[in-house]
Amino acid sequence: MTTLVVRDYDEAIAWYTNILGFTLVSDAPISDNKRWVVVAPEKNGAQLLLAKADGETQEASIGNQTGGRVTLFLYTDNFETDYAAMVKAGVRFLEVPRYEPYGSVVVFEDLYGNKWDLLELR
């Protein structure tokens with residue numbers, strides 16, 4: 001599980017489930033303004049803890065948690081199909097797909113601007 005700082009729980013849940021097709025694994029209240037929200041590309045895959053920013057320092061990191069580098073890698077076993085579905089869903093891509101010796105890859109942004117690789121290894 002990896003933590004991703006978000007602006008709002010509900011908008012993040014909607015984007016990851018409706019746009020990327022992730023599964024909502026958990027959405028449990030912890031306090032009046034804090035929830036345990038986990039999404040995953042597959043029920044048994046890696047998971048993202050969507051953590052609502054708490055304070056100015058965390059808010060400043062939304063969308064830039066790795067200083068402009070690719071933050072996360074979304075692996076696929078059907079690059080062309082998943083890429084086409086993401087384009088249709090309105091995902092913002094920062095380049096055209098590349099076909100490297102290691103596999104097919106394209107960089108996209110999530111709703112906050114965090115950079116991801118969609119990647120199918122050879």
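Trainee: Let's begin at methionine 1. Where is its place?
Mentor: Methionine 1 sits in the segment before β1. Keep in mind that this is a predicted model.

Trainee: How many Å separate the C-alpha atoms of methionine 1 and tyrosine 112?
Mentor: Those C-alpha atoms are separated by 19 Å, and the two residues are 111 residues apart along the chain.

Trainee: Next one along, then. Where does threonine 2 lie?
Mentor: Threonine 2 is in strand β1. Threonine 2 counts as partly exposed, because its relative accessibility is 38%.

Trainee: Which residues is threonine 2 in contact with, again leaving aside neighbours within four places in sequence?
Mentor: For threonine 2 they are Gln47, Leu48, Leu49 and Leu72.

Trainee: Changing topic: what does the domain assignment give for the chain?
Mentor: The assignment gives domain 1 (1-62) and domain 2 (63-121). Taken over C-alpha atoms, the centres of domain 1 and domain 2 are separated by 19 Å. Domain 1 brings 18 residues to the contact and domain 2 brings 16 residues.

Trainee: What is the area buried between domain 1 and domain 2?
Mentor: About 1300 Å² is buried between domain 1 and domain 2, and carbon and sulfur atoms give 70% of that area.

Trainee: Which elements each supply at least two residues of the side of domain 1 that touches domain 2?
Mentor: Those are β1 (2-6) and α1 (9-19). By class, that side of domain 1 has 12 nonpolar, three polar and three charged residues.

Trainee: Back to salt bridges. How many does the structure hold?
Mentor: The structure holds six salt bridges. One of them joins the side chains of glutamate 11 and arginine 7, at 3.1 Å from N to O. Glutamate 11 is partly exposed because its relative accessibility is 29%, and arginine 7 is partly exposed at 49%.

Trainee: What about arginine 35, which side chain does it meet in a salt bridge?
Mentor: Arginine 35 meets aspartate 10, with 2.9 Å from N to O. Arginine 35 lies in strand β3 (residues 35-40) and aspartate 10 in helix α1, so this pair ties together parts that are 25 residues apart in sequence. Arginine 35 counts as partly exposed at 22% relative accessibility, and aspartate 10 is partly exposed with a relative accessible area of 48%.

Trainee: Which residues are linked in a network of salt bridges?
Mentor: Asp10, Asp27 and Arg35 are linked in that way.

Trainee: And what does arginine 98 form a salt bridge with?
Mentor: Its partner is glutamate 100, and the closest N and O atoms of the pair are 3.0 Å apart. Arginine 98 is partly exposed at 28% relative accessibility, and glutamate 100 is partly exposed at 23%.

Trainee: Let's look at asparagine 114. Where is it found?
Mentor: Asparagine 114 is in the loop between β8 (103-109) and β9 (115-121). Asparagine 114 counts as buried, because its relative accessibility is 1%. Not counting residues up to four places away in sequence, asparagine 114 touches Leu4, Gly63, Asn64, Gln65, Thr71, Phe108 and Glu109.

Trainee: Last one: where is the place of leucine 119?
Mentor: Leucine 119 is in strand β9. Leucine 119 is buried, with a relative accessible area of 6%. Beyond residues up to four places away in sequence, leucine 119 touches several residues, among them Phe73, Tyr102 and Val105. Leucine 119 and asparagine 78 are 9.3 Å apart, C-alpha to C-alpha, and 41 residues apart in sequence.

Terms used
Residues numbered from 1 in each chain as written. Predicted model: local features only at pLDDT ≥ 70, side-chain atom pairs only at ≥ 80, totals over all residues. Heavy atoms only, no water. Domains from an automatic or database assignment. Contact = heavy atoms within 4.5 Å. Buried area = accessible area lost by both parts, 1.4 Å probe. Helix = DSSP H or I, 4+ residues; strand = E, 2+ residues; numbered from the N terminus. Nonpolar A, V, L, I, M, F, W, Y, C, P; charged D, E, K, R; others polar. Buried < 20%, exposed > 50% of the residue type's maximum accessible area, 1.4 Å probe, protein only. Salt bridge = Lys/Arg side-chain N within 4 Å of Asp/Glu carboxyl O.
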